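Please look over the sequence and the model before reading on. The paragraphs after them are a walk through some of their features.

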Amino acid sequence: MSRYNRILAGGFSLLLFLSLISLFSGAQSLTVKTVISTLINGGDADFIINQYRLPRIFIAVLTGIGLAVSGVLTQGIIRNPLASPDLMGISGGAGLSACTVLLIRPDINISWLPPAALLGGFSAALFIWLLNRWHNPSPARLALAGIAVSAFLTSCINFLLVLHPVEVNSAMIWLTGSLWGRSWDYIWPLLPWLIILVPFSFYLAWSLDLCALGDETAGALGVNTQRLQIMALASAVALASVCVAVCGTISFVGLLAPHLARLLVGSRHKLILPAAALTGALLVLSADTLARNLAPPLELPAGVLTAVLGAPYFIFLLHRYKGW
Amino acid sequence: MLHIENLSVNYTGKTVLKDLNLTIPKGKITALIGPNGCGKSTLLKAISGGLKSATGQVTLAGRDLSRLNHKERARCLSILPQSPITPEGISVQQLVSFGRNPYLSQWGRLSAEDDQKVQQVIHQTGLSELAQRPVDTLSGGQRQRAWIAMILAQDTEYILLDEPTTYLDLTHQIELMEMIRQMNKQGKTLVVVLHDLNQACRYCDHLIVMRQGQISAQDSPDKIFNSRLLKEVFELNAMIINDPVANKPMCIPL
């Protein structure tokens with residue numbers, strides 16, 4: 001088995017193992033026997049397992065994949081180590097519009113959240129793109145603009161939540177990202193997007209490899225760089241937005257997962273994508289499992305835990321980055 | 001033949017190239033020379049279709065290049081920019097395989113023929129032993145050979161090189177110029193931006209001399225390379241002697 005396959009197999013086993021842990025542990029610990037009998041014929045723990053823990057595990061894995069793939073696409077196009085959907089204001093935009101929709105119409109069907117988030121995510125991305133166009137574009141400038149816009153959008157969310165006090169747990173989702181109370185209903189708005197956009201990102205993988213040579217060289221080699229940029233960034237924005245619609249801004253996953261994957265498997269996008277998707281799924285799932293188990297029955301937002309890991313790494317990147 | 005007609009390029013209101021008309025002779029090595037900022041690189045980019053602000057017409061064997069799509073154009077004409085970005089961790093073989101892109105589908109799967117071509121140019125450029133090494137760990141000369149190998153894998157009739165010798169020491173400059181000569185013997189038409197005028201005269205069949213976005217002269221070195229031209233274009237007082245080895249004109253600054 002090649003080194004790459006071993007890494008993927010290792011990551012996958014780890015993910016399965018973690019899913020099992022996540023299934024057994026929580027405010028109420030379950031024995032192996034209860035879990036197995038419940039999965040087969042239902043029973044006492046039916047609610048905890050089938051309605052509570054199992055959907056959370058699936059949603060954690062899906063959002064992890066979505067955010068990671070979104071990060072790979074963004075970094076591939078912008079060729080900037082600091083680029084990621086949350087640092088570029090995409091998550092902020094998606095979060096703000098999803099949150100607004102929910103506050104205006106609290107009883108709205110949740111399948112409306114992804115379209116709303118898409119609108120916000122695309123507006124934020126467009127704004128940053130125009131800002132970057134207007135000035136002389138540089139990686140540092142792009143990152144700074146993204147951070148400023150993100151901060152502004154987050155403060156808008158804060159303002160909305162202060163105006164309309166809601167239950168703390170639901171508010172937390174829009175501020176830091178959490179999988180609290182996410183049931184099967186939330187999988188359906190998420191899944192179709194991933195089923196279409198994740199394979200599509202594989203379709204772009206080879207062109208993204210060429211894109212790493214710079215727009216000029218890639219263009220000379222026959223890559224339609226403008227079309228590639230639009231397709232990849234639109235997919236990245238869409239993926240990040242629908243993930244945010246379902247569980248808020250789980251920060252730094254879109255930044256960390258592609259970096260870790262690159263470190264493990266090199267710079268070919270065909271290889272990075274599966275590795276990053278696995279890393280993203282592992283990050284979100286472990287964050288959520290920890291969030292449920294650190295102080296039960298209280299729950300931390302998963303986004304806080306990914307930030308604990310992500311923020312120091314971001315500072316490390318800033319420190320290493322020489323393009324200022 | 002590569003014909004350029006009425007080519008103009010404006011960057012933010014400033015005219016960089018003004019109404020250029022020129023012909024790149026087929027099967028020859030053409031050197032593009034001129035002082036810094038005269039528009040040599042811009043001309044190469046405009047020929048290769050990499051500039052949106054270019055107006056005018058570039059025709060290759062009677063075909064208007066602007067009507068071709070990206071891959072079709074990349075099968076006729078390749079260009080190596082002055083300082084291409086070397087991605088971290090990409091091996092020589094991977095880099096060379098990127099040269100096959102114009103012949104591949106969007107998925108980028110290389111056929112047996114593509115693989116064979118890649119191996120052949122790696123061998124031809126003397127990189128066989130370095131094929132698995134990351135490009136960013138190679139020396140300057142080796143790295144430039146890897147880029148040339150990528151361009152050769154692209155297998156185009158016309159090859160444009162933007163200052164390929166700039167960051168090389170003299171030995172590697174000569175090695176590269178010899179490589180260019182070899183490519184030409186295999187039937188390629190080359191256009192090379194050069195700063196070393198003596199190398200341009202020695203290795204190239206045709207000179208295009210540019211100044212301030214316009215063509216000052218274009219012909220073989222024997223016909224146009226003289227002290228008046230150097231004074232006019234480079235504002236340099238120089239004496240022209242005969243290069244005793246290559247039997248070509250050679251300048252010695254006074």
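The model is a predicted one.

Two packed helices are described by the angle between their axes and the distance between the axes. In chain A, helix H4 (residues 90-104) packs against helix H5 (residues 113-134) at an angle of about 140°, and the two axes are 7 Å apart. H4(A) and H5(A) are therefore oblique to each other, since an angle has to be over 145 degrees to count as roughly antiparallel. The crossing of H4(A) with H5(A) is right-handed. On the H4(A) side, the contact is made by A:Ile90, A:Gly92, A:Gly93, A:Ala94, A:Leu96, A:Ser97, A:Ala98 and A:Val101. H5(A) contributes residues including A:Leu113, A:Ala116, A:Leu119, A:Gly120 and A:Ser123. Sorted by class, the residues of this contact between H4(A) and H5(A) are eleven nonpolar, six polar and no charged.

H5(A) also packs against H10(A): their axes come within 8 Å and cross at roughly 130°. That angle makes H5(A) oblique to H10(A). Here too the crossing is right-handed, with H5(A) passing H10(A). Among the residues of H5(A) that meet H10(A) are A:Leu113, A:Pro114, A:Leu118 and A:Phe122. On the H10(A) side, the residues include A:Leu233, A:Val237, A:Ser241 and A:Val242. The contact of H5(A) with H10(A) has 14 nonpolar, three polar and no charged residues.

The next subject is the contact between the two chains. It takes 23 residues from chain B and 17 residues from chain A. On the side of chain B that touches chain A, the elements that give two or more residues are helix H2 (70-76) and strand E6 (77-80) of chain B. H2(B) provides the largest share of that side, four residues. By class, the side of chain B that touches chain A has ten nonpolar, ten polar and three charged residues.

In soluble globular proteins, nonpolar side chains tend to be buried together. The largest nonpolar core in this model has 163 residues, and those that touch the most other members are A:Val69, A:Val242, A:Ala276, B:Val96, B:Ala149 and B:Val192. Helix H10 (residues 225-247) of chain A gives the largest share of this core, 14 residues. Not counting residues up to four places away in sequence, B:Val96 touches B:Val118, B:Val121, B:Ile122, B:Ala146, B:Ala149, B:Met150 and B:Ala153.

Is B:Ala31 buried or exposed? This residue of chain B belongs to strand E3 (residues 29-33). B:Ala31 has 25 C-beta neighbours inside 10 Å and therefore counts as buried. Leaving aside neighbours within four places in sequence, B:Ala31 is in contact with B:Val192, B:Leu194, B:Ala200, B:Cys204 and B:Leu207. From B:Ala31 to B:Leu44 is 13 residues in sequence and 11 Å in space, C-alpha to C-alpha.

Two residues of chain B stand out by their backbone angles. B:Asp19 is not a glycine, yet has a positive phi of about 45°. B:Asp19 sits in strand E2 (residues 14-24) of chain B and counts as partly exposed because it has 14 C-beta neighbours inside 10 Å. B:Glu163, although not a glycine, has a positive phi of about 45°. B:Glu163 lies in the loop between strand E7 (158-161) and helix H6 (170-185) of chain B. With 18 C-beta neighbours inside 10 Å, B:Glu163 counts as partly exposed.

Methods:
Residues are numbered from 1 along each chain as its sequence is written. Chains are lettered from A and ligands numbered from 1 in the order in which they are written. This is a predicted model: local features need pLDDT of at least 70, side-chain atom pairs count only at pLDDT 80 or more; totals for chains, interfaces and linings use all residues. Axes are lines fitted to C-alpha atoms, for helices over the stretch in contact, and angles run from 0 to 180 degrees between N-to-C directions. Angles under 35 degrees count as roughly parallel, over 145 as roughly antiparallel, 65 to 115 as roughly perpendicular and the rest as oblique. A crossing is left-handed if the near helix is turned anticlockwise from the far one by less than a right angle, and right-handed if clockwise. Two residues are in contact if their C-beta atoms, placed from the backbone, lie within 7 Å. Ala, Val, Leu, Ile, Met, Phe, Trp, Tyr, Cys and Pro count as nonpolar, Asp, Glu, Lys and Arg as charged, and the others, Gly among them, as polar. A nonpolar core is a set of buried Ala, Val, Leu, Ile, Met, Phe, Trp, Tyr and Cys residues joined through C-beta atoms within 7 Å. A residue is buried if 20 or more other C-beta atoms lie within 10 Å of its own, exposed if 12 or fewer, and partly exposed in between; C-beta atoms are placed from the backbone.
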